[in-house]
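Keep the structure in view as you read.

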Amino acid sequence: MAVKIRLSRIGKKHVPFFRIVAVDSRKKRDGEFLENLGTYDVTKGVFIQFHQDRINDWIAKGAIVTDPVKKLNREYSLKNVDASVAPKKAAVAKKVLKKVDVAAEVAKDSVK
């Protein structure tokens, strides 16, 4: 069973609102999922919930992360880097994010 971390739409017509979910890749976009990993309001650009530790846990288990979720994960990580942190620490945080993206791509390639 290939697990993907992807977006599932729960908003009304013309009001997009998404869940970030871990789901079997054979399931429908808005169907049954394994775990709810967060919610994102597109219209306001706000994360309602975001369980980064659970996302990283699924990635470590070999889950494939879709491109929109990679982008949201990166955005969330950059927003939560404290503004008072020295620029050097912010650069280190960005390097760590790149390594996580590379690890996710390696896991994706090994599943194929």
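The largest cavity holds about 40 Å³ of space. A cavity here is a set of points, on a 1 Å grid over the protein atoms alone, where a 1.4 Å probe fits but cannot get out; its volume is the space filled by probe spheres set on those points, which are joined across faces, edges and corners. Rolling a probe the size of a water molecule over the atoms shows where empty space is left. The structure has one cavity of 30 Å³ or more.

This is a predicted model, in which local features need pLDDT of at least 70, side-chain atom pairs count only at pLDDT 80 or more, and totals for chains, interfaces and linings use all residues. Residues are numbered from 1 along each chain as its sequence is written, and side-chain values use heavy atoms, leaving out hydrogens and water.

Which residues line the largest cavity? They are Ile59, Val65, Val69, Lys70, Asn73, Val100, Asp101 and Ala104, where lining means having an atom within 4 Å of a point. Helix 2 (67-79) and helix 3 (87-111) are the elements that each give two or more residues to this lining. Helices are DSSP runs of H or I with at least four residues, strands are runs of E with at least two, and both are numbered from the N terminus.

Ile59 also belongs to helix 1 (residues 52-60), whose buried residues are Ile55, Trp58 and Ile59. Buried means under 20% relative accessible area, exposed over 50%, and partly exposed in between, with a 1.4 Å probe and protein chains only. Seen down the axis of helix 1, the buried residues fall within an arc of 100 degrees, so they line one face of the helix; the arc is that of the directions from the helix axis to the C-beta atoms. Asp53 and Ala60 are exposed on the other side of helix 1. Just after helix 1 comes Gly62, with a positive phi of about 105 degrees.

Now for the aromatic rings. Rings of Phe, Tyr and Trp (its six-membered ring) pair if their centres lie within 6.5 Å; planes under 30 degrees apart count as stacked, over 60 as edge-to-face and the rest as tilted. There are four aromatic pairs by this rule, including these:

| Pair | Type | Centre to centre | Between the planes |
|---|---|---|---|
| Tyr40 and Phe47 | tilted | 4.9 Å | 45 degrees |
| Phe47 and Phe50 | edge-to-face | 5.1 Å | 70 degrees |

Tyr40 and Phe47 are both buried, and Phe50 is buried too. Ring pairs join Tyr40, Phe47, Phe50 and Tyr76 into a cluster.

Technical notes:
On a 1 Å grid over the protein atoms alone, a cavity is a set of points where a 1.4 Å probe fits but cannot get out, and a pocket is an open set with protein on both sides within 12 Å along at least five of seven lines; lining residues have an atom within 4 Å of a point.
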